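Here is a short report on how the inside of this protein is packed. Keep the sequence and the structure in view while reading.

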Amino acid sequence: MIDKLEMFIALANERHFGRAAEAMRVTQPTLSSAIRQLEEQLGVQLVFRGSRFQGLTPEGQRTFDWAV
């Protein structure tokens, strides 16, 4: 779970899936999958999604604040 939290933190900081994946040295699909798995484990949606990153949900912001 820690690796998924690190990817989530990178996404929150970069505010872009591609840049966050690059920062974590993983592919974008790997990062997206990890974020979805983290959301499933926590039972909350962390990120607003569309065709691109649209921001953190309130739960996502609380998770980010807790994690950093």
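## Packing of the core and helices

Ile35 is in contact (heavy atoms within 4.5 Å) with Lys4, Met7, Phe8, Leu11, Val47 and Arg49, leaving out residues up to four places away in sequence. The model is predicted: local features need pLDDT of at least 70, side-chain atom pairs count only at pLDDT 80 or more, and totals for chains, interfaces and linings use all residues. Residues are numbered from 1 along each chain as its sequence is written, and side-chain values use heavy atoms, without hydrogens and water.

Ile35 also belongs to the largest nonpolar core, which has 19 residues. Such a core is a set of buried Ala, Val, Leu, Ile, Met, Phe, Trp, Tyr and Cys residues joined through side-chain atoms within 4.5 Å. Buried means under 20% relative accessible area and exposed over 50%, with partly exposed in between (1.4 Å probe, protein chains only). Phe8, Leu11, Leu31, Ile35, Val47 and Leu56 touch the most other members. H1 (2–14), H2 (17–24), H3 (28–42) and strand E2 (53–56) each supply at least two core residues. H1 gives the most, seven. Helices (H or I, at least four residues) and strands (E, at least two) are DSSP runs, numbered from the N terminus.

| Helix | Buried residues |
|---|---|
| H2 | Phe17, Ala20, Ala21 |
| H4 (residues 58–67) | Gly60, Thr63, Phe64 |

Exposed Arg62 and Trp66 sit on the face of H4 turned away from its buried side.

For H2, the cover over the buried residues includes H1, H3, strand E1 (47–49) and E2. Just after H2, Arg25 has a positive phi of about 60°.
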